[in-house]
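I opened the notebook to record what I looked up, item by item. The entries follow the order of my reading.

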Amino acid sequence: MKYLAAIGKYFIMVWEVFKKPTKWSIMKSLILKEIDELIYGSMGIIIFIAFFIGGVVTIQTALNLTNPLIPKSLIGFATRQSVILEFAPTFTSIIMVGKVGSYITSSIGTMRVTEQIDALEVMGVNSLNYLVFPKIVAMMFYPFAVAIAMYVGILGGWVAAVFGEYAPSGEFIQGLQLDLIPFHITYAFIKTFVFAFAIATIPSFHGFYMKGGALEVGKASTTAFVWTSVVIIISNYVLTQLLLG
Amino acid sequence: MIEVDNIHKSFGDSHVLKGVTTCFDQGKTNLIIGQSGSGKTVFLKCLLGLFTPEEGSICYSGQKYGELTSDQQRDLRQEMGMVFQGSALFDSMTVAENVMFPMDMFTKQSKSEMQDRVDFVLKRVNLTDAHYKFPSEISGGMQKRVAIARAIVMRPKYLFCDEPNSGLDPKTAILIDNLIKEITEEYNITTVINTHDMNSVMEIGEKIIFLKNGHKEWEGSNKEIFKTDNQAVTDFVYSSELFKKVRQMYIEERN
């Protein structure tokens, strides 16, 4: 019952976010600030993780293809499919929940504790629109980050294959080009948008409605991380079944 | 003027406000006093529209808050200024940006007009060299003055202050009290202050409401509080030896 009430409260919050919008001149600068903070500020960790995950996927695939009849190009094919379908959108999103999600919960939660949200409300500002809407818009640029993660992941795979001597460059690239289904890329981006919305709104919900002091801000960040990860994992399964199943 | 009629507010099983009825006068500093847990903060948050009472009504210059649409309520809130206990300044903004924020949000004034108004109100609260500092770089007393400047920048009709003296040294506390009283008279606004500070009660309490266990126990002015026979009020106000002696001297002088 408690969870149902929380889910209902979450959807009411999402509805409230889009009501009584903040003046555009102020909103524009808030959105740019959030893009810088949430997306641009996360590019380093996204690129780092994508590069090494791509490399690991290549090595694992190569080490498991022991049959000499299987062409080496399959390593490139498996790397591309794994990175595009799962590692770039889902794995990166879980990392983003940890980095961006906890930042969102703690920043909004601290504003709640220090009565800054009450100050906004007293002034007549729709605090949900002011605080959460710029984060949602900024996170809609997250698919660009995932596109870069896809590219860097495959590059990491190529580096691991060529310099680790698991597959020659030509065969790896041939595998990358093999049987590409464009809808797989569309599917990856559709789920990235869903994850982006979850990463922007669920931690905001936990920060906005938190009660207590500094200790509770930390607890709210942990709870937000757990629930956002759960939502991402479940929606990943549902979307995969709906779009590819 | 704010008229409060029989408001009740509960949180679960806890009945915090049990039928408070009172009136806050325009151009006066109205104080709410009472022990911790007596319902002062909940009462103030009901006045601000942050909590909705289950019963009763609050009228702002004849407008019943509960009967207004949500847009009208937001418009009414723009006529309110609030000084929070911890100042509640926005950490990511400078002092000038904090003060400019409500104007930037709700008016169509040019940048230079807003800048002039910010300069004026900051000068009014005796802060002329802190424009570009962040809240974390200024003292608690200065933060309170910035909060007052932000609260009055839109020329509000109603000013609410939650424990404006908490955490301040006695000298700064008196400065803040006097500043609030001057601003109340200057702008002819209805000021409601939630306080524990007995100096404030004696200095600026033109109208005092004493809350006890969610009820209005006593109402009067700082002059009347000396004469009252209400045991709960005298126990609370004269809990310190110093104030007991002051009261004794006052009574002896009268006799």
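Which strands of chain B does helix 6 lie across? I looked up residues 170–187 of chain B, which make up helix 6, and found this helix across strand 3 (29–34), strand 7 and strand 8 (190–194). Its direction is at about 160 degrees to strand 8 of chain B. I note here that the model is a predicted one.

Next entry: the sheet. I read the strand order in chain B as 6-7-8-3-9-10, six strands in an open sheet with mixed pairing. I then asked why strand 6 and strand 10 of chain B each have one side without a neighbour in the sheet. From one strand to the next I noted an average twist of 20 degrees.

Strand 6 runs parallel to strand 7 (residues 158–162) of chain B, and four bridges join the two. In this pair I found Met82(B) opposite Phe160(B) of strand 7. Helix 5 (residues 140–152) of chain B lies across both strand 6 and strand 7. I recorded its angle to strand 6 of chain B as about 175 degrees.

Next entry: the other chain. Chain A has ten helices and zero strands. I noted a box of roughly 70 × 40 × 35 Å for the C-alpha atoms of chain A, taken along the principal axes.

Next entry: the interface. I put down about 1900 Å² as the area buried between chain B and chain A, with 61% of it from carbon and sulfur atoms.

I looked for charged pairs across the interface of chain B and chain A and found two salt bridges. One of them joins the side chains of Arg77(B) and Glu121(A), at 3.4 Å from N to O. I also listed five residue pairs in polar contact across this interface.

Terms used:
Residues are numbered from 1 along each chain as its sequence is written. Chains are lettered from A and ligands numbered from 1 in the order in which they are written. This is a predicted model: local features need pLDDT of at least 70, side-chain atom pairs count only at pLDDT 80 or more; totals for chains, interfaces and linings use all residues. Side-chain values use heavy atoms; hydrogens and water are left out. Two strands pair if DSSP finds at least two bridges between them. Axes are lines fitted to C-alpha atoms, for helices over the stretch in contact, and angles run from 0 to 180 degrees between N-to-C directions. Contact means heavy atoms within 4.5 Å. Buried area is the accessible area (1.4 Å probe) that two parts lose on being put together, summed over both. A salt bridge is a side-chain nitrogen of Lys or Arg within 4 Å of a carboxyl oxygen of Asp or Glu. A polar contact is a pair of N or O atoms within 3.5 Å; within protein, one must be able to donate a hydrogen and the other to accept it, and residues adjacent in sequence count only if both atoms are side-chain atoms.
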